[in-house]
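Work through the exercises below with the sequence and the 3D view open. Try each task before reading its solution.

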Amino acid sequence: MRSQTSPDVENPTQAPLLDDDYGYAPTLDATPPPQPQETRQQPSKPILLLISGFLAIGLVVALIIGNVHIETRDDDVPLPDRRNPTEQGVSDKSFGLPADLPSFSWTDDILSWQAPAFHFTPGKNWMNGPVFYKGWYHLFYQYSPAAPVWGLIVWGHAVSRDMIHWRHLPIAMDADKWYDVNGVWTGSTTILPNDELVVLYTGSTNESVQVQNLAYPANPADPLLVHWVKDPANPVLVPPKGINVKDFRDPTTAWLTPQGKWRTVIGSKVNKTGIVLVYDTKDFKSYELKDTWLHQVAGTGMWECVDFFPVSKKDFALDTGEFGPNIKHVLKASMDDDRCDYYAIGDYNPVSGKWVPDDPKIDVGIGLRYDYGIYYASKTFYDQFKNRRILWSWIKETDSEDSDIKKGWASLMAVPRTVALDPLTGSNLVQWPIEELDKIRSNLIEFNDVKLEPGSLVPLSVGPTSQWDIMVEFELDTKVVSGLRVGAGVPYNCAGHGGAGVRDALGPFGLSVLATKNLTEHTPTYFYIVKGARGELNTFFCIDQSRSSIAKDVDKSIYGSTVPVLKGEKLSMRILVDHSIVEGYAQGGRTCITSRVYPTEAINDNVQLFLFNNATNITVKASLKIWQMGLTLNNDSGWVWLGPSLILIVVFFFVLWTWQNQRKNRS
């Protein structure tokens, strides 16, 4: 089910500037104009000057417009009352800081600094199924157009060639029907064998009942998929018997069964058991509910944003409908109770429609997570263009809603990641930022074999920047490590052990990013090694937000988990810093952490970077590669005017050239 890449479609704009042929740049005729004949009447000088004047004015207007962000909603609309997500039957989207925390006096300079450069954000206000179609990556996201708080949700829409540079398009689907009047919620895209595309999405009805609806492009030939049609048969699915009307949402991408039917699954719960319902269909309008659930786990509560996809043992990506030898299947669910994304690896039987985890002790909801920080409502898609599976996720704010309202936007997307089965362990996934991010690196600085004695702190001279891509390898003296006596057997976890400031024999050691010179604010990212009762080493990867800001009204949690380290491997981490978001990847992406930080001093020219070793018994060697990351203003749709502006420049100078030639001929 591969879509064919169409010829490049450049320079789309946003409504109301779109018309029927908005998507295609004019093609300039490369054939030189015929030489003027003596018998032809020469254009008069006033006419040529008039044409040149109009072109010059048009060029100025286009360039001005190109630097104005094109919005899809009126800024003068008053701020609406905040909707309560739990009353609508979905998880609370705010972070929920204690009400008695003192509020920091956030300045415009601090709030402006928080906006990321190379992470996708909405143009304004609040946001939350991706697909590759006819040469474009499409991101459909849950968007609150009225305010930077959760509210009446519609589908925002942006497109990109590389998932780095984005072009905002008009809202794809509004909440304008009785079956989605209270919100157009999460859905998924499915590419059919004829390369056409359909969408199943959850709508909240006028009675707040969660139903599934069908939509498709108004013009399938349009690679930008600007206009959408909701099927008149909607809703195509309603909550079945025994399922609460507010516990039935988020259909997955469909795949073909051996019987030639399309299959999709939907998250729900029965009492406190999280379940996945299975539906088969031939036409996406009439459905058969299967007698058995795909899977269930007692005590995990409501499963949102379920995802289900195959992974190969042979180190290549698979489309959603693949199954057979050397293939495992990943089942992922976002847990409504704790707002974390869990996954498990197992075997899928396409005939019975059942999935069984490889290890029930780490089943969905009780075991592995995509990310051990702020990372929720994730969704993958198969990129048939580059044969890879891409993971997207929504990253919420962890400051106060008052701050979000003041800065005018809230939440963003993590950088897109490739996701695959770990070929070395076979028991976990590995996630890694897409290769396209490498293209916005610059100014590489390398540090080799930096020696970190116990208790040392080493500043790194990299210049003030808030946009980094950092690769670090740490090397320990294995003889010293093996000679240490075994640990006391006290269980360790990142959140409960006091953070990077608590010293022990084998850690912590790592990097402090977004740091001030005197460390009044800094965010440590570090390893912590625990030697068990039998002499085994357990390695933890953590991000400590407790010292990230002097402000009180922000999250100061410490996030992290264990990371598998195989024999002979050096400890390695990759840290992406993009203003108020920090993403960490340990051991090639076996364990990942996403963090939101809100410094008040460590911003702009006051940002520094440190290596540290707070271990008491070991010396660590560190080697680093540090790049500055480009993009100064992310997701700005103004640059779509670059093509038309260049065309106007070409035409303008062509007219001047013609005029000069005519003057020469007359002379």
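**Exercise 1.** Find which backbone atom lies 2.8 Å from a polar atom of the side chain of Y598, and decide whether Y598 is buried or exposed.

Solution. The model is a predicted one.
Step 1: The atom is the backbone nitrogen of T398, at 2.8 Å from a polar side-chain atom of Y598.
Step 2: Y598 sits in the loop that runs between β34 (591-596) and β35 (608-613).
Step 3: The relative accessible area of Y598 is 1%. The cut-off for buried is under 20%, so Y598 is buried.
Step 4: With neighbours within four places in sequence set aside, the contacts of Y598 include W106, Q114, E397, T398 and D399. K407, S549 and V554 are also among them.
Step 5: H579 is 19 residues from Y598 along the chain, and their C-alpha atoms are 8.6 Å apart.

**Exercise 2.** Describe the place of T264 and say which backbone oxygen its side chain reaches.

Solution. 
Step 1: T264 belongs to strand β11, which covers residues 262-270.
Step 2: T264 has 2% relative accessibility and therefore counts as buried.
Step 3: The side chain of T264 reaches the backbone oxygen of T252 at 2.9 Å.
Step 4: T252 is also one of the residues in contact with T264 when neighbours within four places in sequence are left aside. Others in that list include L200, P251, W255, V278 and Y287.

**Exercise 3.** Give the strand order of the open sheet of six strands and name its edge strands.

Solution. 
Step 1: The order is β25-β36-β27-β32-β33-β34, and the pairing is antiparallel.
Step 2: β25 (441-452) and β34 pair on one side only, which makes them the edge strands.
Step 3: From one strand to the next, the twist averages 15°.
Step 4: β33 (residues 581-586) and β34 form an antiparallel pair over six bridges. Within this region, A586 has T591 in β34 as its bridge partner.

Conventions
Residues numbered from 1 in each chain as written. Predicted model: local features only at pLDDT ≥ 70, side-chain atom pairs only at ≥ 80, totals over all residues. Heavy atoms only, no water. Helix = DSSP H or I, 4+ residues; strand = E, 2+ residues; numbered from the N terminus. Buried < 20%, exposed > 50% of the residue type's maximum accessible area, 1.4 Å probe, protein only. Polar contact = N/O pair within 3.5 Å; in protein donor to acceptor, adjacent residues only side chain to side chain. Contact = heavy atoms within 4.5 Å. Pairing = 2+ DSSP bridges. Axes fitted to C-alpha atoms, helices over the stretch in contact; angles between N-to-C directions.
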